[in-house]
Amino acid sequence: MASGVKPRVKVPKSASAGDAITIKTLISHPMESGQRKDGDGNPIPRSIINRFTCEFNGQSVVDVKMEPAISTNPYFEFEATVPEAGEFAFTWYDDDGSVYNENKAITV
Amino acid sequence: MKYKAMTAFAALAISAPIAFAGGADDDTLAIDGQEMITKTAAPAHMEETGIDTIISGWHFREDDTQSMQADTFDNPGMIAVDQAMDAWNTVEGSAEKSCASCHEGPESMQGVRAVYPKWNEEAGEVRTLAMQINDCRTNQMGADAYKYDSGPMAAMEALIAVQSRGMPVNVAIDGPVAETWEKGKELYYTRTGQLELSCASCHEENYGNYIRADHLSQGQINGFPTYRLKNAKLNTVHGRFKGCVRDTRAETYSPGSPEFVALELYVASRGNGLSVEGPSVRN
């Protein structure tokens, strides 16, 4: 279990319908690649976030498969158009089975 | 194709003197719209150094790195601030207290970062912020002290620094701290290691020049603790001192040692007038 994992999301509180808004997301995570060895020469097991998704009112906005070469504290910035008021749901999937959620409502 | 290559070459030739100059740029830093003082007149005690403008290390970094610090969301150091916020409210130790039990919100720490290290009358010593945090933890909370340059310590320093963001550094150098300050000054100008370098060799005589492929800054510490891209974590002042002294190929003082406390006081005083920026983002 990776410790100190905390998602952070920045979404504007409101937007005009059809406008593209910028969404920034960041999750604190060590993203251990599985390639490194500890002081005794034993491999350190892989522990990464392997998938990140964003949905708006149940509709997929992005769905990202992530690989071990991604560095610590993965950061995503993307744009989305907002057709109506609703809620963005962000989900991160950890190698250890943990799922981290964050929701942000937006008004039009 | 050939034409394109030639224009690219020409563009490179023209932009080279600007893009590759090692000195401070003229950008202005506004963190979430709040403008910072990143260049100002040097304090009076620096008259003999030949430096008339003190410059934050922010000016010596690339635009990408600079913009990371300009937005608190983009600043990876703020993750540590969030973690320290949790620690602030966590009850620890035999007294069953958290930071919040005595100090309420971290807003109460406004202005604290700007004046440390400072004299503690009761203890009769110069205290850094880290020493004060550990004093609180051991004497008030009955908890274990943080390791001086550890992650939790850097995070807590960052949380406290954020409260003073934008306020000018204003450490006292006279009165009871004068002796320590003189000692720090002496250390600053003492050459160490096989390379026989003092702090001044790089950060006073050669700031704006290159050290290998990197730019030398004035070595200001107004932005500490600093998130460094090279190790992807917050770094404390003493951790940085240690790294610098090690790079002169010397045996270093340890973080939290009286030597480094004195040096921190002296180096902090060289930044009197610059905004507190912590946690800043650097290479």
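**Strands, cis bonds and positive phi angles**

Let's begin with one pair of residues. Arg51(A) has Tyr93(A) as its bridge partner, in strand 6 of chain A. Keep in mind that this is a predicted model.

Now widen the view. Strand 3 of chain A covers residues 49-56, and strand 6 of chain A covers residues 86-94. They run antiparallel, and 7 bridges join them.

Strand 6 of chain A also pairs with strand 7, residues 99-106, of chain A. These two run antiparallel as well, with 8 bridges. One of the partners here is Ile106(A) in strand 7, across from Gly86(A). Strands 6 and 7 of chain A form a hairpin, with 4 residues between the strands. In that hairpin, Gly97(A) takes a positive phi near 95 degrees.

Which residue has a positive phi although it is not a glycine? Met31(A) does, at about 50 degrees. Look for Met31(A) in the loop between strand 2 (20-28) and strand 3 of chain A. Met31(A) is buried, because its relative accessible area is 6%, under the 20% cut-off.

Over to chain B. Glu104(B) is not a glycine either, yet its phi is positive, about 55 degrees. Its loop lies between helix 4 (99-103) and helix 5 of chain B. Buried or exposed? Glu104(B) is exposed, with a relative accessible area of 61%.

Last topic: cis peptide bonds. The bond from Tyr116(B) to Pro117(B) is cis, with omega near 0 degrees. Pro117(B) sits in the loop between helix 5 (112-115) and strand 5 (118-120) of chain B. Gly278(B) and Pro279(B) are also joined by a cis bond, with omega about -10 degrees. Pro279(B) is in the loop between helix 11 (258-269) and strand 11 (280-282) of chain B.

Definitions and conventions. Residues are numbered from 1 along each chain as its sequence is written. Chains are lettered from A and ligands numbered from 1 in the order in which they are written. This is a predicted model: local features need pLDDT of at least 70, side-chain atom pairs count only at pLDDT 80 or more; totals for chains, interfaces and linings use all residues. Side-chain values use heavy atoms; hydrogens and water are left out. Two strands pair if DSSP finds at least two bridges between them. Buried means under 20% relative accessible area, exposed over 50%, partly exposed in between (1.4 Å probe, protein chains only).
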